[in-house]
Structures are given as structure tokens and as C-alpha cells.
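Hi everyone, thanks for coming. Please take a moment to look at the sequence and the model on the screen, and then I'll walk you through them.

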Number of protein chains: 2
Amino acid sequence: MDTEASDEIMQATYRALCEYGYADLTMQRIADATEKSKSALHYHYDTKEELLDAFLEYLVEDFERRFACESADPRERLEKFLSAVYDSPDDNAGDFPVALLEIKAQAPYHEAYRERLVALDDRMRAVVASAVADGVEAGHFDGADPEEVARFVVTATYGAHMREVSLGESPEQTRKLVESYLDSALGFAPEAVA
Amino acid sequence: MDTEASDEIMQATYRALCEYGYADLTMQRIADATEKSKSALHYHYDTKEELLDAFLEYLVEDFERRFACESADPRERLEKFLSAVYDSPDDNAGDFPVALLEIKAQAPYHEAYRERLVALDDRMRAVVASAVADGVEAGHFDGADPEEVARFVVTATYGAHMREVSLGESPEQTRKLVESYLDSALGFAPEAVA
């Protein structure tokens, strides 16, 4: 399958997840969101689970792109991370966190999902830990354990996700807490970055 | 319905959730976990959703009991909170976090569930904030905003729950982070409490 066809299916999966959630997602509904037939979709993916596994891989790559930061400034890299996590990529993304939480709740039943989620967690923690380590080394940040800070920041994003879906609260509330935590742990106040 | 009958149904619901998860939970399966028939169950609860709403109320009350701490010592009250959240109530509880995450993912579709989860969040934050405020006032803790500390501690428990279910990680990892956070925010090291 060429990249264009694959991207079309992944974007259709995203839209169908936003509209129907995970439990009510079917191959037919994903096909309906593309120019393809359901049998054309089955040609590439045997089952909904297989397609969702590819979708999670796509999601990890998309996150990578959004984290990517050419800047050598560790403060900008942390700021970019927080934006990638807390800023919605588009106005129609409102229901995606709901579908994503459903998928996370399925991880115990689908080892393939779990592996993708573990890879995403590893990647997110690595991005934060590397920015913290560089910032401490360059004297921008106070001394701190980069792995511990990274684990805390990433775990808080999961808490923010849970609060958003289960309590209906804006993730901005948690973002402020994380910024306050970074400020006291590193002397890093993201608001001050231009 | 008397308390004993109600408790029997709630404990059966807990066991059935651990065994089947939320999606595959049925009134029949809950009835099978009691001495009652399915129609006896329907006499009290019209639908699975109604029974689950009662179950969440029961869960909030159970949490209240486990948080309850007669001690005047704010350090003991925080320690008790962490135990209530992070220590498993029994050896068979292994699959309950999975079912609970499924229920949380359902909150956007069931306003009654959301109200219970918001009440539980309020209650948890109030317990932590009150212990922090008393500890600051009594000079046991460094000065800190009790509401902010409470929000951080409770949000981290959600992150721990998500990591446990979706990544298969022990919640003890997050508990250590929270203890380290409390140590730097309050000068409170739970390990040091007898």
C-alpha cells in the first residue's frame, strides 16, 4: 500500500473514532469515511484490531512529528512537548480523547495495543528527559533527576487525559500544575518563554 | 432493599466486573454471582447502567471508609490516603482497575457515572487538601497551596491507574514519585512515618 492510501485510511480511522468511539467502530464505518469499499479495506487489514494496531503506530509517528524540535534550547524543547500534548491539533478533535481512553482500556486484552502504548510512553519520557538533562548540563535548569522529572510530566499527562474524559475537565488545569511543578523542580517557567 | 441485600449485590457486581470487565458485564452475570435470580435483580435495578450507578455510589462510600483516619496527625492522614489509593484491598482485585478504567471511559456517555466520578474526585482532593492545610498550620509541613498539592496528588493517582492498565506497570512506581513530590513540596517523607 502506498503512503497516500495508508494516510487516507488512518485519517478516516481517526474521524470514525471521533464519531463513533472505539466500541462502536466497525470496518464498514471506517470504509464509509474513505473512498474505499469495505472489502478494499479488508485487503489491507484482516480485522478491526489489526487496523487499530496500524493506527496506533501512525499515532506514535504523528506524536513524534509534533514533538520534533530543531531548537538547541532545552526550554523551547520542553515548551514544544507541552504544546504537542496539551494543545488540540484541530477543532474537531473534541471526541478523540474519549476514543483514545477506550483504546487504552483495551490494552489488557490486546497485547499489540499495549506494545504501541508502551512505545509511545518510552518516546515521550525520552523527549522530556533529554531536554531536562541538556538544560541541567547547560546551567539553564536547577539540578534534577531527568528520568524522574520525565516520568512525572508524562504521568501527569495521563492524569490530565483521564480528568478530561471522565470528569469533563479542561486539560489546561493540569497543564498549569505541570508548569508549576517544572518551575519548582527546574526553575523553568514556560510562560516566560517567548 | 435492606443493606445486607444491597451489599451482596454490590460485592457480586465487583466480582463480575473483575471477571468480565465492563463491556461484557450483564445483569445475568451479576445475578449468577449472587444467590438471587436475574428477575430479582431487575426488581431493584431496571438496567445495567442503573445498577452500575449504584455500584459507583457504593465505591465512593467504600473509598470514604478506607480514607477515614481518626488521627489528628496530618502526616498519618496523608499516609492513610496513599495506602487507600495505592494498596490493593485484596489479592483478587487484579482486574478491577481494568474494569474501572472502562467505566471511566464510559463517563462521556453516561452523565450519572460522571457525577459519581466527579464526587469521588472532589472527596479525594478534599481529604488531601485538608491534611496539607492542617499540617502547614501546625508547622509540620513547609508552606504550600493545599488545593494545588491535592490536585497534583489526585491527578497523579489517575496517571498511575492509566499506567497500570494501559502499560501494565505497577502503581508503586508512581507512588514513589508522589512521595518524592510531597517530600519536596511539603518536606513530608512518608517512609519516615512509623
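First, some ground rules. This is a predicted model, in which local features need pLDDT of at least 70 and side-chain atom pairs count only at pLDDT 80 or more, while totals for chains, interfaces and linings use all residues. Residues are numbered from 1 along each chain as its sequence is written, chains are lettered from A and ligands numbered from 1 in the order in which they are written, and side-chain values use heavy atoms, with hydrogens and water left out.

So what is chain A built from? It has nine helices and zero strands. Here helices (H or I, at least four residues) and strands (E, at least two) are DSSP runs, numbered from the N terminus. Along the sequence, chain A reads α-α-α-α-α-α-α-α-α. Its C-alpha atoms fill a box of roughly 60 × 35 × 30 Å along the principal axes. Of the 194 residues in chain A, 49% are buried. Buried means under 20% relative accessible area, exposed means over 50%, and partly exposed is in between, using a 1.4 Å probe and protein chains only. As for contacts, meaning heavy atoms within 4.5 Å, take those in chain A between residues at least 6 apart in sequence: 67% of them join residues at least 24 apart.

Now the symmetry. Two copies of a chain are related by a rotation about an axis and a shift along it. In this model, chain B superposes on chain A by a rotation of 180 degrees with 0.0 Å of shift along the axis, and the RMSD is 0.0 Å. That is the relation of a two-fold axis. The same surface serves both copies, with 100% of the contact residues of chain B recurring in chain A. The superposition is by least squares on the C-alpha atoms of residues with pLDDT of at least 70 in both copies. Which residue of chain B comes closest to the rotation axis? That is Gly159(B), with its C-alpha at 2.1 Å.

Let's look at helix 8 of chain B, residues 146-167. Its 22 residues reach 31 Å from first C-alpha to last, close to the 32 Å expected at 1.5 Å a residue. The expected span is 1.5 Å times one less than the number of residues. Helix 8 of chain B is mostly covered, with 18 of its 22 residues buried. At its start, a side-chain oxygen of Asp145(B) reaches to within 3.0 Å of the backbone nitrogen of Glu147(B). Just after helix 8 of chain B, Gly168(B) has a positive phi of about 75 degrees.

Two residues in this helix are worth a visit. His161(B) sits in helix 8 of chain B and counts as buried because its relative accessibility is 9%. A polar atom of its side chain lies 2.8 Å from the backbone oxygen of Pro97(B). Beyond neighbours within four places in sequence, His161(B) contacts Met162(A), Pro97(B), Leu100(B), Leu101(B) and Lys104(B).

Val149(B) is also in helix 8 of chain B. Is it buried or exposed? Val149(B) is buried, with a relative accessible area of 3%. Leaving out neighbours within four places in sequence, its contacts are Val132(B), Ala144(B), Tyr181(B), Leu182(B) and Leu186(B). The C-alpha atoms of Val149(B) and Ala185(B) are separated by 7.8 Å, although they are 36 residues apart along the chain.

Next, a meeting between the chains. Helix 9 of chain A, residues 172-186, packs with helix 8 of chain B at about 105 degrees, their axes 11 Å apart. That makes helix 9 of chain A roughly perpendicular to helix 8 of chain B; angles of 65 to 115 degrees count as roughly perpendicular. Axes are lines fitted to C-alpha atoms, for helices over the stretch in contact, and angles run from 0 to 180 degrees between N-to-C directions. The residues making the contact include Leu177(A) and Tyr181(A) on one helix, and Arg151(B) and Phe152(B) on the other.

One last stop is Leu167(A), found in helix 8 of chain A. At 12% relative accessibility, Leu167(A) counts as buried. Setting aside neighbours within four places in sequence, its contacts include Met162(A), Arg114(B), Leu117(B) and Tyr158(B).

Technical notes. Polar contact = N/O pair within 3.5 Å; in protein donor to acceptor, adjacent residues only side chain to side chain. Parallel < 35°, antiparallel > 145°, perpendicular 65-115°, else oblique.
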